[in-house]
Amino acid sequence: MARIIVVTSGKGGVGKSSVSVNVASVLALQKKRVCLIDGDFGLKNLDVMMGLENRVLYDLKDLIDGKCSLEQLLIRDKRLSTLFLLPACKSLEFKDLDTQYMEALVKKLEQQFDYILIDSPAGIEKGFQYAIHLAKEALVVITLDASSVRDADRVIGLLLKAGIHDLKLVVNRVDQDLLDRKQCLSIQEALDILALPMIGIIYEDHSMIEANNKGLPVVIQQKGLLYQCFEHLVSRLEGKDVPFIKMRKKHTLFSIFKV
């Protein structure tokens, strides 16, 4: 029986989809069967971030209309054989979704996977309500920006109201220089405000943008700072007690040239 986890944030621009893709990829690297559901119908970007856009032949509306089977709809990742994407559908609106149909669909997926990760759309409108309605756990993604934390606080209240009490915090895009200069909230301040257990710290790194642009999850190479961050996050998700990665202070190098 799969664990069904919604990845949400409330505020857009915090890197929620990057977290979804890379958590799913690390789980698949560990041979877990993972279904990643793109819940953001308006933007439909997970297939691009995973380099799978050319493989999308059907969408959710085709399944609902009987034009394809669930097996035809699911896209197997081209690098990780146990990772599958259920792509979003731009032509389908949340108001047209039959909640009971989606519940039945997720129940069917539960029998086939170890994890179902739902990448929730930003905001707290119908798309958010649809995504959390299907989940039993939540990863709340924030940055150390006051507005991100404020919006996450509201989202946490809505998750609890919906009956989802297994909530964990992912602090994303942590900029060590800003922390050192006290130009953003500290991690402890964010934890004090939100009162959630923290499951992951993901540092700001240019390699994430590069990987997303290439359609290549940054963890695929299984090396580097971001891989360590996500690998430790997944270990905690699996119930293991592992330390948080601490970023080493970068030293500026000066070169002296004789003219």
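Visitor: In which helix is Lys61 found?

Guide: Lys61 is found in helix H3, residues 60-64. Helices here are DSSP runs of H or I with at least four residues, strands (E) are runs of at least two, and both are numbered from the N terminus. This is a predicted model, where local features need pLDDT of at least 70, side-chain atom pairs count only at pLDDT 80 or more, and totals for chains, interfaces and linings use all residues. Residues are numbered from 1 along each chain as its sequence is written, and side-chain values use heavy atoms, with hydrogens and water left out.

Visitor: Is Lys61 buried, exposed or partly exposed?

Guide: The general idea is a set of cut-offs: buried means under 20% relative accessible area, exposed means over 50%, and partly exposed is in between (1.4 Å probe, protein chains only). Lys61, at 30% relative accessibility, counts as partly exposed.

Visitor: What span should helix H1 have, going by its residues?

Guide: The expected span of a helix is 1.5 Å times one less than its number of residues. H1 (residues 16-29) has 14 residues, so it should span 20 Å, and its end C-alpha atoms are 20 Å apart, which agrees. After H1 comes Lys31, whose phi is positive, near 70°.

Visitor: Which residues of H5 are buried?

Guide: In H5 the buried residues are Met102, Leu105, Val106, Leu109 and Glu110. Seen down the axis of H5, they fall within an arc of 145°, so they line one face of the helix. That arc is taken from the directions from the helix axis to the C-beta atoms. The face turned away from the buried side carries the exposed residues Gln100 and Lys107. The length of H5 (residues 99-110) can be checked too: its 12 residues should span 16 Å, and its end C-alpha atoms are 16 Å apart, which agrees.

Visitor: How many residues of H11 are buried?

Guide: H11 is mostly covered, with 10 of its 13 residues buried. Among them are Leu226, Tyr227, Cys229 and Phe230. The 13 residues of H11 should span 18 Å, and the end C-alpha atoms are 19 Å apart, which agrees. Just after H11, Gly239 takes a positive phi of about 95°.

Visitor: Where is Gln222 found?

Guide: Gln222 is in the loop between helix H10 (206-214) and helix H11 (225-237). Its phi is near 55°, a positive value in a residue other than glycine, and Gln222 is partly exposed, with a relative accessible area of 45%. Arg173 also has a positive phi, near 55°. Arg173 lies in strand E7 (residues 166-174) and counts as partly exposed at 40% relative accessibility.

Visitor: At what angle do the axes of H7 and H9 cross?

Guide: Two packed helices are described by the angle between their axes and the distance between the axes. Axes are lines fitted to C-alpha atoms, for helices over the stretch in contact, and angles run from 0 to 180 degrees between N-to-C directions. The axes of H7 (residues 146-161) and H9 (residues 187-194) come within 10 Å and cross at roughly 30°. H7 and H9 are therefore roughly parallel to each other. Angles under 35 degrees count as roughly parallel, over 145 as roughly antiparallel, 65 to 115 as roughly perpendicular and the rest as oblique.

Visitor: How many disulfides does the structure hold?

Guide: The structure holds zero disulfides, a disulfide being a pair of cysteine sulfur atoms within 2.5 Å. The sulfur of Cys184 is 16 Å from the closest cysteine sulfur, in Cys229, too far for a bond.
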